[in-house]
Structure formats: C-alpha cells, structure tokens
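Good morning, colleagues. Please bring the sequence and the structure up on the screen, and I shall then go through the side-chain and helix geometry.

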Amino acid sequence: MSDVAVPVAGPESEPALPHAVPEIAEPSQPPSGPILRVLHALDRLVLRVEQGLILLVVVVMLGSVVIQVVGRLLNQSITGAMETSVFGMLALALLSASVTTHYRRHISIDILSRAIPPPARTVLMTGINLIGAVLLLYLARVAWFFMAVNREFGDVSPALKVPYWWLQSLLPFAFAVIACRFFLHFLEDGKRVLTRNWLPRDLHGHADIRM
Amino acid sequence: MSTSLIITLVFIALMLTGAPLFLAIAVSTALSLALIESGGGLSELLALLWSGSETIQESEALFGVMARLVNIPQEMFDKTTAMPIMIAIPLFTLAGTIITEGQISKRLINIIKALFGFLPAGLAVAALVGCAFFAALSGSSAVTIMAIGGILYPAMMRDGYSDRFSLGLITTAGAIGILAPPSLPLIIFGAVSQADINQLFIAGIVPIIVTIGALSLYSFYFVLTNKEVKRERFSGAEVLTTLKSGVWSMAFPLILLVTIYGGYATPTEASALAVLYAIVVEVFIHRAIRLRDLSKLTIETMVLVGGILSILLIALAFTYYLADQQVPDKMTALMKEYVSSKTGFLIAVNILLLIVGCLMDIFSAILIFAPLIVPVALAYDVDLVHLGIIFIINLEIGFITPPMGLSLFVSSNFFRRPSNEIIYATLPFVIMLFLALGVITFVPEVSLFLVELSKG
C-alpha cells in the first residue's frame, strides 16, 4: 500500500530512524530500444533542469518568507516578498507535479490494479497513460490560450509589477512536459505489453502514497 | 444519462483502476465542462469531436468547449496566487523530512520516554505522547510507527506489556498526531474551506488531548488487569542526560507553537522558520545531516509533495465546476429532504468520512469532499472549524481501518505480522477512538472552547 521503505523491527534492537520520505529511484529497468533510449535521455535532461529549478525556487521562497518576517519585526514593509513566495509556490507546484510524473509517484488508489494479474495491469496502465497524455496535451493548448488572452489584457501583479502572463506561461509548459512524460510511460508500458515484459509489482503504474 | 452520472462513473472507474487521482479529477472536470458546453450529452460531444471543425457552427462549438475549459488553468492560477497558506505545505513537509533524517525527533522521543516511562502505564503513555509529537513534526504516520515502534516496542515487551497490546497501541498512535500543529491536513482543509488556519490549530489542541486521554484510559485499564506489567525505573540522571542532549530538539516544537499561537508569525512564516531552524540544528549543531545532502532531501521531499500539490491544483478547478453547477446547493436540498436535524447531519457526515477514510488517502479525501460537504454543513449551522476537526479525526481513524488503512500495512510489514493480527490488535484502540470521536462530534465546545477563549 505504501511506498515508504519499511524496515523490519529487530528484537531488542534500536534501529536507525526510517527515511521520512521514500528514497527515489529511477523506475527499475524500463524497456529500451533506440527511440526509447533517446526519449529517456531527453527526459533525464529535463529532469535535471527541473530539479535545479526546484532547489532554486525553494531557496527563493524560504528567503522571501524570512525577509517578510524580519521586515515585520523591524516595522518595515518589504515590497513584493509575499508575492515572490506565492509565485514561487505556483512554480514549485507545477515543477514538483512534473517530477512526480517522471518517477510515477502520483497518489492513486490501486484496489483493482493490484488485484488483477500483471498482464491486465500493464494493459490498464498503458491505457491510463495514454489518457493522461491526451488530456494534458489538450490542457496545455487550453492553458496557452488562457495565457495568450491575458497577454492581450496586459495585467501586472500589484507589488512586483510582473506581467501576469509571464507566470501564466508556466502552465502550458508544465502541462506539455507532463503530457510528454505520460506519453513516454505509454510507450514504455505499451512495449511491455508487446514483449510480455509485465509491470513489476513495485511499479504498478503510479505509487500510492499516504502520510 | 445525466452529466453528473457520467462524471461520477468516469471518476470512480479511473480511481479504482489505479489512475493517478489528479488525472481522475482532471478527466472528470474537463469532461463535465465540455459536456455542459456541448449541450449535456456524451453523444453530442463525441459527434462534435469526431466531425472536427468542418462547418462554422462546429468551429464555434469547439471553440466554446475550449473557452469553457480555460476555467481550469484560470482557477488554478487565480486560486493558487490567492492562497499564500499553500506555501506552508512544501515547507512544513521539508522541515519534517530534515528533523526525521536528523536527530531532533529521536531526541524528543527519548525525553518523553524518560519523563513518562516510570508512571503507571507510563511507557504506553510515553508512546502515545511521543507518537503525537512525532507525527505532528514529521507529518507522516507511517514513519511515526517505524520510529516509535523501533524504540518503544522492545521496551514495552521488556516491561511485560503483551505483544498484542504493544502492536495495537503503536499502530493506532501513529495516526493520532496529524491533528496537532503544524498539521498539513488542517492546513489543506483551511485552504479549501476558507476556515481560519490559526483557529483550526487552536481547535485541535483539546481534541488531541481527548484522543490521547481515551487511549491512555484503555492503557491504564490494561495495566490494572495485567499484573505482569512492570514499571520503568525513574532515573533522574537519565532525565537530565536526555534533557541536556535534547535542548535544541525541545526548542523546535516550542518555536512553532509560540510563533503561531503567539501571533508572531503566520503558519506560512512559521513553516519557513521551521525549515531554517531544522537546517541550522541538524547540520551545524547535531551534525546529523551534511550540507550537501540537503539538496537530495529537498528533491525527495518535493517528489512526495508533488503528488499532493497536483491534486490540490486540479481540485481548485474541480470546485469551480461544483460551484458552476450548484452541486453543493443541490446536495443541501437533497440532504434536507432526508435529514432534518444538525445531529442527523453530523452522524451522516461521520459515516461518510469513516468510509472515505478507509478507502482514500487523507489529502485526496479532504480535497475532494471538503468542497462538497462544507456548504451543506454551513446550511445545518455547523461551525466550520468544528467541521475541520471532525474531518481530520474521521480520516485519521481511516488510517487504522481495513481495507485500506495504511498504518495496518506499515505495521504488518515492520513487525513482520499478518495484517489480520494487527487489525485484531488495534480493535480495542479503535473502539476508544470512536468514543473520542463521539465526544468531539457532539460536544462542539471540546473543539471551540479554546477558539472562543483566544478571541477574547
């Protein structure tokens, strides 16, 4: 049920504390082939960029919230500190959703998918990944339309005076990247179906994470 | 087939087949908006998509569908930028990761054990208090069971507590801390329902004491009826040693409580301070984490957080559909037909949430059901803050209820016991939690007394 790595209790021992978050690892032995190898390389490249951006955004968010606290203690109003962290939050939400898709670690309820045999599960996941790819791609187009309309209006944020469409442009990009990742998973799982290399038990599609 | 029925069936089908929950909500929301725009029928929508834009009317209709779907990114953007409290979700989770990977949590547990262990049923109470602290700080019931279980289970066995009692206690206690600040479920409930987060935090204090009290009562009863249980010996030296080594650890919850309850910082600001404090203590004072490991921890945390935030983002768009179609109003009207009293409504909500808690994770359950239930609850004159506490307690009971109770499976794996044995062991504790839930549900003052006091 959980993807939290569960150590086993030893008698009278005092084991080291378990990891607060599951160790993340690349999905085990995804099917390969010339096209998939290129796509995986591209995916990993995008992942590295996203991970770097996540770290940057977290640091910026932390900094701006702390500056705000310090500013208030000194009776100083720091213009744009809250806005920076809120915009950072939006970016972080989209980046982390994308990275979570890469690792297939979205929250899901897998009552049926765990109960059915691996071949059926693999076919099911192939279909779900295709649905994800199509929907997210369409949402990327819709989000682009949303951003383009707002660009015409030319609204800017109250404190930082940043054009809103700059931030809104994160949405179509994020949706497009997530759509590509779903498509990659569709290709991987599809190849598993064709080669009868069924999804392993620990890679049933998307992990169930409950805190 | 009505639009609502199609949407519900699509959502349930996707959810049960293991699709990511955010995708199940996204498909349902997009489909519902498209169906509304295309005239309400699935066949009309499919015909429109199939024929494409061959005629001007079809082009206009397709554009209409897209214009309607624009509400999804718009709601995501507008609501995210209007809710600074969301910042607290990744930051508190990061702080929890750092202190669990480091030493703060472990030293706190040692202090609690040294202080309470010598009392009658002291080790059991120490486990309960330790779990509440640990779950609140780490944000994870699974990690709490493993951490507290690893330390206190051998000690409880040594002192004569039965295997079944120890397993049941630790499994149950892992779930109860999520009501204590900085509780992420409460923050998410506040963000979705527009309830005051500070008031929710204050409201959670007495209910968590009631819950721990109920479980402690059973522990005392167990100790009274089982003469073989020994008490830990009080050791002043051990108390001093643990206090000395745990000074920085004790300051962590204190800083959180003082800054939030004292009004010195908002929960969002407290989350940033918590991360900074955890980094300073674990890296430079305890030297339990290397500076270069922080980036890896941050990325790992954000993968976990990404799962929650993706549901949160799409759920914001889902609430637009609910409001647009006046679903809560219709639900209220329907409910009023069958349930006339506030008490009846509260019973119905408890039953619904207990079922949901058995099947769904706590964050998804809040994000999906709070927008539906909150407007109905307000129509029955239920206090929003009180409802938030009822929500969380019901869902935390879901952690230890079959068939999907996470704590049961974590415990089963960790202690290498069959799930049935763990379920049997938790049964008396679940009964005590039901009693506590009854008190908290039907005596609103338990949750609201301190809130009223804080308002002056």
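Contact here means heavy atoms within 4.5 Å. This is a predicted model, in which local features need pLDDT of at least 70 and side-chain atom pairs count only at pLDDT 80 or more, while totals for chains, interfaces and linings use all residues. Residues are numbered from 1 along each chain as its sequence is written, chains are lettered from A and ligands numbered from 1 in the order in which they are written, and side-chain values use heavy atoms, with hydrogens and water left out.

Let me begin with one residue of chain B. Leaving aside neighbours within four places in sequence, which residues does Thr319(B) contact? They are Lys79(B) and Pro371(B). Thr319(B) is found in helix H17 (residues 293-324) of chain B; helices are DSSP runs of H or I with at least four residues, strands are runs of E with at least two, and both are numbered from the N terminus. With a relative accessible area of 17%, Thr319(B) is buried, where buried means under 20%, exposed over 50% and partly exposed in between, for a 1.4 Å probe and protein chains only.

Helix H18 (residues 327-338) and helix H20 (residues 362-379) of chain B have axes that come within 9 Å and cross at roughly 50 degrees. Axes are lines fitted to C-alpha atoms, for helices over the stretch in contact, and angles run from 0 to 180 degrees between N-to-C directions. H18(B) and H20(B) are therefore oblique to each other, since angles under 35 degrees count as roughly parallel, over 145 as roughly antiparallel, 65 to 115 as roughly perpendicular and the rest as oblique. Among the residues making the contact are Met331(B) and Lys336(B) of H18(B), and Pro371(B) and Val376(B) of H20(B).

In chain A, Arg151(A) lies over the face of Trp165(A), at 4.5 Å from the ring centre.

Chain A has six helices and zero strands, and 50% of its 211 residues count as buried.

Now to the aromatic pairs. Rings of Phe, Tyr and Trp (its six-membered ring) pair if their centres lie within 6.5 Å; planes under 30 degrees apart count as stacked, over 60 as edge-to-face and the rest as tilted. By this rule there are 19 aromatic pairs over all chains. Why is the pair of Trp144(A) and Phe173(A) edge-to-face? The ring centres are 6.4 Å apart and the planes stand at 85 degrees, so the pair falls in that class. Trp144(A) lies in helix H4 (residues 118-153) and Phe173(A) in helix H6 (residues 170-195) of chain A, so the pair ties together parts 29 residues apart in sequence. Trp144(A) is partly exposed at 47%, while Phe173(A) is exposed at 54%.

Phe183(A) and Phe186(A) form a tilted pair, 5.8 Å centre to centre with 35 degrees between the planes. Both lie in helix H6 of chain A, three residues apart, about one turn of the helix.

Methods
Lys NZ or Arg CZ within 6 Å of the ring centre and 35° of its normal.
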